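Student: I have a structure open and I'd like to talk it through with you. Could we take it piece by piece?

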Amino acid sequence: MNIRCDKPTILGVMDNIRDFQPDTIITNSPDDIHNDHRETAKIVQQAVFHLRTWGNYNRPIQLYCGEIFQPLSAPHMVLPADINLKRQVMNRFPSQNDQYKWLELVETLNRFRALQFNSTSDYAEAFSLIYKW
């Protein structure tokens, strides 16, 4: 609970975007229930905005956010999900899993998305386009 959307963090993310020059960026949902995730979404959105307005960055960027527990009604992009990696990450937060059954929710949603979009993977994630430049 210590991520903050502040000037030094935004400038650091802007530097990272300049260094890596991605065409697509995926961030957390601004509607996520976890404060650090919401702050991360704000940081990335602000970094992309400032790159476009005064940051002297001319490469096109598409910014997407992931869905949370309510499926997106019309996702813009669906990608295969590595559920084993997600299990490893989620198992690092046992108190979260005990309280909300996050892992079961994520697995169920990702399985649903794979079935819904005839994915070549058993699990898939859906994303919503926030910004296209």
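Student: Which residue in β4 does glutamine 62 stand opposite?

Tutor: Glutamine 62 stands opposite lysine 132 in β4. Before we go on, please note that this is a predicted model, in which local features need pLDDT of at least 70 and side-chain atom pairs count only at pLDDT 80 or more, while totals for chains, interfaces and linings use all residues. Residues are numbered from 1 along each chain as its sequence is written, and side-chain values use heavy atoms, with hydrogens and water left out.

Student: How do β2 and β4 run, and how many bridges join them?

Tutor: They run antiparallel and are joined by 5 bridges; two strands pair if DSSP finds at least two bridges between them. The strands (E, at least two residues) and helices (H or I, at least four) are DSSP runs, numbered from the N terminus.

Student: And what about β3 with β4?

Tutor: That pairing is also in the antiparallel sense, over 4 bridges, and within it proline 80 has alanine 124 in β4 as its bridge partner.

Student: Changing topic, which residues make up the largest nonpolar core?

Tutor: There are 12 residues in it: Ile10, Met14, Ile17, Ile25, Ile43, Val44, Ala47, Val48, Leu51, Tyr57, Ile61 and Leu63. Such a core is a set of buried Ala, Val, Leu, Ile, Met, Phe, Trp, Tyr and Cys residues joined through side-chain atoms within 4.5 Å, where buried means under 20% relative accessible area, exposed over 50% and partly exposed in between (1.4 Å probe, protein chains only).

Student: Which helix gives the most to this core?

Tutor: Helix α2 does, with 5 residues, although α1 (7-20) and α2 (35-53) each supply at least two.

Student: What is methionine 14 in contact with?

Tutor: Leaving aside its neighbours within four places in sequence, methionine 14 is in contact with Ala47, His50, Leu51, Trp54 and Gly55, contact meaning heavy atoms within 4.5 Å.

Student: How many aromatic pairs does a search of the whole structure find?

Tutor: The search finds 1, and it is formed by tyrosine 57 and tryptophan 133, tilted, with 6.2 Å centre to centre and 55° between the planes. Rings of Phe, Tyr and Trp (its six-membered ring) pair if their centres lie within 6.5 Å, and planes under 30 degrees apart count as stacked, over 60 as edge-to-face and the rest as tilted.

Student: Is arginine 113 buried or exposed?

Tutor: Arginine 113 is buried, with a relative accessible area of 0%, and glutamate 67 counts as buried too, at 15%.
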